[in-house]
Amino acid sequence: SSYGTAQQLIALRHWVRDYSPDIVLLAFLPSNDVRNNSRKLESWKARPFFEIADAELRLDASFRDDRDFQDKKRSMADHAFLYELRLHQLMRRVRDGAYRGWNDAPAAAAAARGDASLGEAGIAERVYHPPSDADWLEAWKLTERLVHEIHREVNGIGAQFMVLVLSSGAAVHPDRNVRQRYAETIGVPDLFYPDRRIQALGAARGFEVMPLGEPMQRVAEKTGAFLHGFGNTQIGFGHWNVRGHRAAAELVAARFCNPPERPTRR
């Protein structure tokens, strides 16, 4: 939870290098990654943040002494033990199979029926607008700097780098009317502002960006399939389901199996 681009940079430095990768794909989820990277916007503070100081990225690791972080660390250790118990696994299966009361995306569902009074859990809808206040301007600046730093360090280990901009449920809903109503509800012409912004960053910094939102939207509209959500939550919203993972995987595989021709250097 609250895992953003800052944690991805740390993962690259501590674990990814050991695999000597040929390609590093950075999964970027606009609907909450920008917020996760900002200490001011993120509600869960007991985690690592970066800041820009003297034109350099600086890691603030003070979270290690935070009481909430220590409590979370202990509870996760307890959960890791419980998850190994067969009885606990059975209880979770019974619960997950029977529990259908949780709605993963109340705002999108509300927008679909014309009621815009709710906000989607875990989604920062301000990210679909160009930033208009200091906190969001700073969050985008820091996010772009983190992505650029990952690009720079991936180049340093001799690997190819690409950013995959992941989709949101509302943007790839198979019903065009639902998508339009949701965009109107939050006051934007479409839901692809962050996709275009990361593409512009890639063009400026010299790395490839593959936005999955628009091609996945075409898949959903053509097939009528819901690519997000599950039967025990809100179908069409929330995380990718099996069909969503398959659609994304096929798009990425097609890119690497049929790479675009690169201009010949003279």
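**A cavity, a sheet and a ring pair**

Mentor: Let's start with the residues lining the largest cavity: Pro30, Tyr128, Leu166, Ser167, Ser168, Ala171, Leu191, Phe192, Pro194, Asp195 and Gly213. This is a predicted model, where local features need pLDDT of at least 70 and side-chain atom pairs pLDDT 80 or more, while totals for chains, interfaces and linings use all residues. Residues are numbered from 1 along each chain as its sequence is written, and side-chain values use heavy atoms, leaving out hydrogens and water.

Trainee: What makes it a cavity, and what puts a residue in its lining?

Mentor: On a 1 Å grid over the protein atoms alone, a 1.4 Å probe fits at its points but cannot get out, and lining residues have an atom within 4 Å of a point. The volume here is about 50 Å³, and the count is one cavity of 30 Å³ or more. A volume means the space filled by probe spheres set on the points, which are joined across faces, edges and corners.

Trainee: What do we know about leucine 166?

Mentor: Leucine 166 sits in the loop between β4 and α7 (176–186). Beyond neighbours within four places in sequence, its contacts (heavy atoms within 4.5 Å) are Ala27, Phe28, Leu29, Pro30, Leu212 and Trp240.

Trainee: How do you know that β1 and β4 are paired?

Mentor: Strands pair if DSSP finds at least two bridges between them; β1 and β4 (residues 160–165) have six, and run parallel. One of these links phenylalanine 28 to valine 165 in β4. Strands are DSSP runs (E, at least two residues), as helices are (H or I, at least four), numbered from the N terminus.

Trainee: Why are β1 and β5 called edge strands?

Mentor: The open sheet of three strands has the order β1-β4-β5, with parallel pairing. β1 (23–28) and β5 (208–211) each have a single partner strand, so one side of each has no neighbour in the sheet.

Trainee: What about the hairpin of β2 and β3?

Mentor: Five bridges join β2 (residues 49–53) to β3 (residues 56–60), and these strands run antiparallel. Two residues lie between them, and aspartate 54 there takes a positive phi near 55°.

Trainee: Why is the pair of tryptophan 140 and tyrosine 193 called what it is?

Mentor: Rings of Phe, Tyr and Trp (its six-membered ring) pair if their centres lie within 6.5 Å; planes under 30 degrees apart are stacked, over 60 edge-to-face, the rest tilted. The whole structure has two aromatic pairs. In this one the centres are 6.2 Å apart and the planes at 85°, so it is edge-to-face. Tryptophan 140 is in helix α6 and tyrosine 193 in helix α8 (residues 193–205), so the pair ties together parts 53 residues apart in sequence.

Technical notes:
On a 1 Å grid over the protein atoms alone, a cavity is a set of points where a 1.4 Å probe fits but cannot get out, and a pocket is an open set with protein on both sides within 12 Å along at least five of seven lines; lining residues have an atom within 4 Å of a point.
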